[in-house]
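Hi everyone, thanks for making time for this.

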Amino acid sequence: MVTDTIADYLTRVRNASSAGHRVVEIPASNLKKEITKILFDQGYILSYKFEDNKIQGAIKIALKYDKLTKEPVIKKIQRISKPGLRKYAGSEDLPRVLNGLGIAIVSTSHGVMTSKQAKLENVGGEVLCYVY
């Protein structure tokens with residue numbers, strides 16, 4: 001049993017990326033699906049597919065690598081808010097990752113979004129992770 005499913009998701013992506021795997025399969029949840037959509041929209045992953053079976057379902061993620069150097073596009077993916085210590089930020093205090101080169105994924109009352117989108121919509125929330 002996994003207590004922090006988001007940390008498990010991020011760790012699976014991080015490990016598969018550093019090992020050079022093309023595809024990683026992760027148990028699905030609605031929050032993980034939203035994070036996957038954000039990673040795809042921001043260009044950090046190549047594609048994704050949601051597979052539904054009777055019990056839980058799975059997310060298959062095709063990882064993205066640089067064509068010339070064969071290095072993964074995701075340099076670092078880091079969990080910020082943990083079950084033991086939640087990190088919340090108001091709309092004015094949302095973090096900028098690597099001076100705007102990375103993204104912070106935030107869970108808000110308007111759904112899961114990047115910190116840039118949350119600033120535009122003037123909402124704060126729980127800072128889930130940083131990706132760059």
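I'll start with the overall fold, then turn to a few individual residues.

First, please keep in mind that this is a predicted model. The protein contains three helices and eight strands. Reading from the N terminus, the order of elements is α-β-α-β-β-β-β-β-β-α-β. The radius of gyration is 15 Å, close to the 14 Å that the globule rule gives for 132 residues, so the protein is as compact as a globular protein of that length. If you box the C-alpha atoms along the principal axes, you get roughly 40 × 40 × 25 Å.

Now for how the chain packs. Of the 132 residues, 41% count as buried. Take the contacts between residues at least 6 apart in sequence: 61% of those join residues at least 24 apart.

What about the surface? The accessible area comes to about 7,900 Å², and carbon and sulfur atoms account for 50% of that. As for charge, there are 21 positive and 13 negative side chains, and the centres of the two sets lie 5 Å apart.

Let's zoom in on Glu 126. You'll find Glu 126 in strand E8, which covers residues 125-131. Is Glu 126 buried or exposed? Its relative accessibility is 13%, and the cut-off for buried is under 20%, so Glu 126 counts as buried. And which side chain does the Glu 126 side chain make a polar contact with? That would be Arg 86, at 2.9 Å. Setting aside neighbours within four places in sequence, Glu 126 is also in contact with Ser 81, Lys 87, Tyr 88, Ile 105, Val 106 and Ser 107, and Arg 86 is on that contact list too.

Lys 70 is not a glycine, yet its phi is positive, at about 60°. Lys 70 sits in the loop between strand E3 (58-63) and strand E4 (77-79). With 59% relative accessibility, Lys 70 counts as exposed, since the cut-off there is over 50%.

The other one is Asn 99, again not a glycine, with a positive phi of about 55°. Where is Asn 99? In the loop between strand E5 (88-89) and strand E6 (103-108). Asn 99 is exposed as well, with a relative accessible area of 65%.

That's my tour, and I'm happy to go back to any of these places with you.

Key: Residues numbered from 1 in each chain as written. Predicted model: local features only at pLDDT ≥ 70, side-chain atom pairs only at ≥ 80, totals over all residues. Heavy atoms only, no water. Helix = DSSP H or I, 4+ residues; strand = E, 2+ residues; numbered from the N terminus. Buried < 20%, exposed > 50% of the residue type's maximum accessible area, 1.4 Å probe, protein only. Polar contact = N/O pair within 3.5 Å; in protein donor to acceptor, adjacent residues only side chain to side chain. Contact = heavy atoms within 4.5 Å. Rg over C-alpha atoms; globule rule 2.2 N^0.38 Å. Areas by Shrake-Rupley, 256 points an atom, 1.4 Å probe, with all protein chains shown as cover. Lys, Arg positive; Asp, Glu negative; His and termini not counted. Charge placed at Lys NZ, Arg CZ, Asp CG, Glu CD.
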